[in-house]
Amino acid sequence: MDNAAIVGVAQTKYERRKKDQIFADMVFDVTRAALDDAGLGIGDIDSVVTVSNDFFDGRTISGMAVGDACGGEDKNISTVSGDGTFGAFYGLMRVLSGYKATIVVAHYKGSEGSVPITTNGMFDPIFHRHLGLDAISSAAIQANVYMTRYGIREEDMAQVSVKNHGNAKNNPFAQLPMDITVADVMKSRKIAEPLKLLDCCPISDGAAAIIIANEEIAAKGTKKPVWIKGVAHCCEEYFLGDRDLANPVALRDAAKRAYAMAGIKDPVAEIDVAEVLEPFSYMEPLWLEGLGFCKPGEGGQLIGKGMTTMGGKLPVNPSGGALSANPILVAGLARLIEAALQVRGEAGARQVKNADTALAHGFNGPCGQSHCVWIVSGKK
Amino acid sequence: MAEWLKNVEPLTLKGQIAVPYTWWVGETGSRFLISLRDDQKILGTRCKACGTVYVPPRKNCGRCFVDIDEWVDVADEGVIEGYTIVHYAYPVQPVKPPFAYVLIKLDGTDVGFLHLIKNDLGRIKNGLRVKAKFKGERTGSILDIDSFELI
C-alpha cells in the first residue's frame with residue numbers, strides 16, 4: 001500500500017440535543033476545524049466522502065444536504081451510509097487511487113428521529129421486522145448468548161460502563177462523563193435483560209471530520225501525520241439466527257488482515273491504545289476477544305486485571321467510548337479521530353503515555369454484522 | 001450557542017415520513033408463509049452442498065453460494081439458544097412489554113429462529129424446550145405464529 005496519513009481531525013461536542021445547529025451547520029464547523037487542524041485550505045482537498053443515513057436524517061440522499069457545507073460543491077463527492085470507519089475506508093481508497101486528499105465527514109442527530117423505529121428498519125421486512133426487534137433488543141439477545149456461553153456476570157459488564165464513563169471525564173467532547181459504581185449500573189432501570197440503562201449508550205447529536213491525504217499533502221500540513229499502517233473490514237451473515245452471536249468472526253477476520261498489513265504479530269504487545277465502538281457495555285469485551293487481545297470468554301476479566309484501564313498495558317476507550325456519546329455513524333469516525341489524537345500526543349487529559357501505535361474499530365449492522373479495524377502510527 | 005437563543009424556545013418543525021410499501025415476499029417466502037397460514041406448519045430449506053437446514057427458508061446458501069431447492073418439514077418445537085426480556089415500549093412491538101425475544105433452534109434445523117415468548121417470562125432459560133402456538137386467525141405472516149410457549 002502507498003503511504004497515506006490522517007492529517008487533520010475535528011469533532012463537535014456530543015450532546016443530547018443540539019438546538020442551535022442543523023446538519024449543515026455541524027458539518028461546516030467540523031470541516032472548517034479539520035482543515036485548520038491540518039493547516040490546509042479547502043483548495044487542497046480534491047475528494048469528499050460524507051457519512052449519513054437517509055432513514056435517520058428523514059431525507060432522501062441525505063448526503064446532498066451537507067455537500068455545500070463540506071466543500072463538496074465542485075468536487076467528487078459521494079456518501080457512505082454506514083459507520084464512519086467505513087466512510088474513512090472509502091476515503092482512503094480514493095487517496096490510494098490517485099486523489100490527493102479526501103475529507104470524510106459524518107453527521108447524526110439522534111434527537112430528531114426515533115432510534116427504535118429507525119433501527120427496526122435494519123431487519124428483514126418479511127421474517128423479522130414485524131417482531132419489533134431494534135438495535136437494543138437485538139443487542140440484548142447477543143449479550144445473553146455471550147454471557148451464558150462463558151458464565152460472565154452482569155457485574156463484569158457493569159465495570160465497562162464504570163470505566164468508560166469515568167474516562168469520559170477527561171474528554172471535553174464526551175456527552176456523559178460520570179462517576180458511577182458497579183452498584184449504580186446494577187440498580188439502573190432494566191431495558192432489555194441483561195442490559196440495564198447504564199449498560200446502554202445515550203442518544204446523541206454530533207458530527208466529526210477527518211482528512212486523509214497522500215504523502216505530498218501530508219508534507220504540506222502542519223500537524224504530525226498519522227500514518228495508516230493497516231486497515232480491513234469484513235462482514236458476516238445478515239440473519240441473527242445464522243450467526244454465532246458469541247463469536248464475532250467478521251471482526252476476527254478484519255483484525256487478522258489489518259494486523260498482517262501493519263506487520264503486527266502480537267497485538268497486545270505492539271498496540272499502545274485501542275478505541276472500540278461499544279454502544280453497549282458487553283460489546284467492549286466481546287470485541288476485544290474478536291481483536292485477539294485475549295482468549296474467547298476472557299474479555300470480561302480484562303478490566304479487573306487492570307489491562308484496559310488508563311495506566312493499564314492496553315488502555316481501551318480513553319475517550320469514554322460510545323457508552324459516553326453515541327452519535328450513530330459518527331461514533332466510529334470518533335474512534336479513529338481519538339486514535340489519531342493519541343498518536344499525535346494531543347489527547348489532552350485522556351492521553352496514553354508514549355502512544356505510537358493505536359487501533360480504532362467501528363461496526364455496522366445489528367450485533368456487529370460487519371466490522372472495520374484500523375491501525376495507525378506516528379512512524380511511516 | 002448564541003446568547004439570544006438561550007432566552008427563547010428554539011423552534012422545531014414536526015414531520016413524519018409514512019411511505020406505503022408492498023413487498024413481494026418471493027417464491028420461497030410465499031411457500032413458508034402460506035404453510036404457516038394454511039397448515040400451521042413450519043418449513044425450512046436444506047443446502048445440498050453444506051447440509052445446513054435454514055429456517056426461515058432461504059432460496060440460496062450464502063455460505064456455499066449455490067441455489068437451494070430442497071424443502072424440509074421443520075418441527076414446531078425446539079430449544080432456546082438465547083433470549084432477552086424486553087421492558088421498554090415503542091410502537092412497532094407487536095405486544096406490550098414485558099415480553100421476550102428468543103432465538104430457538106427448532107428440531108431438525110441448523111440456525112436460530114427468532115420469535116416471541118409472552119408468558120412464563122420468569123422461567124425462561126437457555127436450553128429449555130419450547131413449542132409454537134399458532135393464531136386462530138392467520139394472514140400469511142411471521143406473526144401467524146402467535147408466540148412460543150415453554151413445554
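Helices (H or I, at least four residues) and strands (E, at least two) are DSSP runs, numbered from the N terminus. Residues are numbered from 1 along each chain as its sequence is written, and chains are lettered from A and ligands numbered from 1 in the order in which they are written. This is a predicted model, in which local features need pLDDT of at least 70, side-chain atom pairs count only at pLDDT 80 or more, and totals for chains, interfaces and linings use all residues.

**View 1. A:Ile228 sits in strand S8 of chain A.** The strand covers residues 226-235. A:Ile228 is buried, because 26 other C-beta atoms lie within 10 Å. (Buried takes 20 or more other C-beta atoms within 10 Å of a residue's own, exposed 12 or fewer, partly exposed in between; C-beta atoms are placed from the backbone.) Leaving out residues up to four places away in sequence, A:Ile228 touches A:Ala4, A:Ala5, A:Ile6, A:Leu92, A:Trp374 and A:Val376. (Two residues are in contact if their C-beta atoms, placed from the backbone, lie within 7 Å.) A:Pro116 is 112 residues from A:Ile228 along the chain, and their C-alpha atoms are separated by 35 Å.

**View 2. A:Ile211 belongs to strand S7 of chain A.** S7 runs over residues 205-214. A:Ile211 is buried, with 29 other C-beta atoms within 10 Å. A:Gly8 is 203 residues away in sequence, yet the two C-alpha atoms are 5.0 Å apart. A:Gly8 is among the residues that A:Ile211 touches, as are A:Val7 and A:Ala34.

**View 3. Helix H12 of chain A is largely enclosed by the rest of the structure.** 15 of its 15 residues are buried. H12(A) spans residues 330-344. At 1.5 Å a residue, H12(A) should span 21 Å, and its end C-alpha atoms are 21 Å apart, which agrees. (The expected span is 1.5 Å times one less than the number of residues.) Just after H12(A), A:Gly345 has a positive phi of about 75 degrees.

**View 4. The largest nonpolar core has 163 residues.** (Such a core is a set of buried Ala, Val, Leu, Ile, Met, Phe, Trp, Tyr and Cys residues joined through C-beta atoms within 7 Å.) A:Ile210, A:Leu333, A:Trp374 and A:Val376 touch the most other members. H12(A) supplies the largest share of this core, ten residues. A:Ile210 touches several residues, including A:Leu333, A:Leu336 and A:Ile337.

**View 5. Chain A meets chain B.** Here 29 residues of chain A are in contact with 36 residues of chain B. H5(A) gives the most to the chain A side, with six residues.
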